[in-house]
Each structure stands twice: as structure tokens, then as C-alpha cells.
Amino acid sequence: MRVAIIHYWLVGMRGGEKVIEALGRMYPEADIFTHVVVPEVLSEELRRHTIRTSFIAKLPRAARMYKSYLPLMPLALEQLDLSGYDLIISSESGPAKGIIPPEGAVHLCYCHSPMRYIWNMYHDYRRTAGPVARAAMPLLTHYLRTWDASSAARVDRFVANSSTVAGRVRRYYRRDAEVIHPPVDVSAFAPVAPEEVGDYYLMVGELVRYKRPDIAVRAFNTLKRRLVVIGGGEMLDELRALAGPTVQILGSQPFAALRHHYARARGLVFPGEEDFGIVPVEAMASGRPVIAYGRGGATETVVDGHTGLFFDEQSEDALIDAIARLEGLDLDPAEIALHARQFNPARFERQMREAVATAWVEAYGRQPPAAVLEAGAPIPLSRRRPAYA
């Protein structure tokens, strides 16, 4: 059985790439297709696969300016020749699902989110764009929306990384999506002894506007409490200028430093709305509670009052109130870490294999090859897709 995995771009090792790693473990002989690849930043696991690029990779400065070529990506996807592949798994957040699947192939889309910059966050992106991009966006994004919605018909089955994203799939594509949370390497994190926990809070992630890191910096300036910030991004210099004496902005850090701070912070501050949010799970796997904005994927991973708590509006005052409320709770680090264990990679791989097998039965009305089903139970044929006149 030949398997193709389609990912939008491979230029780092973030949550989307961790999903590709897990899919690669499921299908070690799979070929990976993407628009642009920067091999030196990828894990050894990913580099073991044959990686093929679209024509976007041949355009000037594509490794850095790939997002500038977004209007060409639908055309680039449709030029990828997937003849001879039996199973296609697309990983969607940038354009990836719009390939033309060959006759006889099953196409499953794992959706991190419909493209944010043309759908749910379009107005936010346009508001902060430069004058040339702001003028061009209405026409270009109208074209991309039309293509993106129509290309959903090329997918046999959708899987979403959270209920939040499943709702967007219904809204924008008019399709149902099974929810399978992404894999988190929870075994890489562990609680430390109580005497090792410090007097600071932690914020981790890419420092971009929609994640609202400024809220946390302002709140801890006001409180005159310690906050450690780990991450790079477009707001790094701005936040360093904003930070008061109790806020330490470290920028990007190696994994060892990240793991050290997760385990020793009083808690994680998570002020943005994420599609899923791996960072809160990593913090909880370290035994630390999470203070999260009460929307998006965090509501599916954090248990309010048990592994952390939520605040209801993205404001400095709401976050300050949440910090005070958290410090009044008596939470057990061991229970927090145990809760996080459910998001382990083995669970993801098992559920994804079942989803692929179900897509196969729906498409063909027969059991898939052993390479798809592995040792799992047969999928009932009653789940076959109904015939249409």
C-alpha cells in the first residue's frame, strides 16, 4: 500500500510537524509532499522520509517568503501527481487538502484549522497588514475562499484536532469532522519536588498578536510579580520594550531550558485563543496548573478548578483576577500530570488508524488492507457511506 502525506510547509518543528512525525511512525514508508522544506530544521524522523516539494520551492527566496506565494499554492497543489497512491492524508492549516486524489485512493484530511487568514481571523490579519497587502487581500482571499471551500469535496473524511476546529469545518466546509486531539510527548515532562518550584509564572509560545502576549506582560507589570516569557516572533522586541523589571523575556530557548521552566513555574499563563494548544498540555504534564483564556482548544484540555482555571475576557484585569483565584486553590501536581497523560502519541496513532480504516470502509464498503487496519478490530460495514442517486 502506497501512502502520501501532504503538509503545507516544513520550515520548523511545531505542533503540525509533530503530527507529521506521528503519521510517519504509523506509515514509515510514506512519502511526504509539501510546498517548501528546510531540511536542517526538521527532526531525523522526518528526514528519513522521501520529501517532495511543489513548484513553490523553486520560486525566489521560497524558504523564507513562502507565505507570500499563498495565492499560487492552490495551483501548486493541483500539479502534484499522486498517481499510484492508495491512501492520502493531508495536514491542513495552510493549503494542503486541495490535491487532486487519484481514482481509487482514500483521502483523509487532518485539519488543524481551516486557513485562519482567509476565514475566522481574516479581519484581524487585514487590520494589521501593511498598506499594499491590505489593499490586495479582499480580492485574493475571495479567490482563496472559493477554492478552499470547493476543494473540501476532494476529501473523503475530515478529522479535526479539537471540537473548536470541528465547528469551523462545519461552518466553512459544511462537513462533519471526527475529533482526534494531536499527539503530545507528555513523557518528556515530569513534576519536580515542591521545594524546587519557583516564585514566577511562565508564558510560552510564538509572540504574535492574536495570542495576546501583551496582556500577560501588562498584568505582571501591574502586579510587580515575576513572569518568564519563552518564545520568539514578531512581537519580541515590542514586548521587551513593554516589560517592566519583574518580566523576563528570554526569547527562543532550547528544549532543556523549556522543560526546566515548565516544572518550576508556579503556573502557566495562556492568554490566547488556540485551535488546540500543546503548550498547556506540556505544562500540565510537568505538574503545573494553567491559567487560560476560556475559549478554543484550552477548554478541551484544562479542567477548570482541577488542573487550572479560565478567565472570560482577554484583558489585564481578568488575568489579574484569575491569578488571585488560582493562588487560592490547592491543586495536586501529580493529578495534574496524570490528566495530561491522556494526550500521549500512542492514543493519537490508535485513533488515527481507526479513522483511516473507517474512511476506507465508507469509501469502498469493504475492509481495508492489513497495513491500514493493523491488529485492530474490523470496522462495521454499516458505517459505509450511503449511495447517492
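Helix α1 passes helix α14 in a right-handed crossing, meaning that the near helix is turned clockwise from the far one by less than a right angle. This is a predicted model, in which local features need pLDDT of at least 70, side-chain atom pairs count only at pLDDT 80 or more, and totals for chains, interfaces and linings use all residues. Residues are numbered from 1 along each chain as its sequence is written, and side-chain values use heavy atoms, without hydrogens or water.

Select residues 15-26 for α1 and 345-364 for α14; the two pack at an angle of about 65°, with axes 10 Å apart. Axes are lines fitted to C-alpha atoms over the stretch in contact, and angles run from 0 to 180 degrees between N-to-C directions. Helices are DSSP runs of H or I with at least four residues, and strands are runs of E with at least two.

Next, show the side chains at this contact (heavy atoms within 4.5 Å). From α1 come Val 19, Ala 22, Leu 23, Arg 25 and Met 26; from α14, Pro 345, Phe 348, Glu 349, Met 352 and Arg 353. Seven of the contact residues are nonpolar, none is polar and three are charged.

Move to strand β6, residues 157-160. Arg 157 and Val 159 point one way, Phe 158 and Ala 160 the other, and all are buried (under 20% relative accessible area, 1.4 Å probe, protein chains only).

Tyr 110 has Val 159 as its bridge partner in β6.

Finally, select β7, residues 177-179: β6 and β7 pair in the parallel sense over three bridges.

Notes
Buried < 20%, exposed > 50% of the residue type's maximum accessible area, 1.4 Å probe, protein only. Pairing = 2+ DSSP bridges. Nonpolar A, V, L, I, M, F, W, Y, C, P; charged D, E, K, R; others polar.
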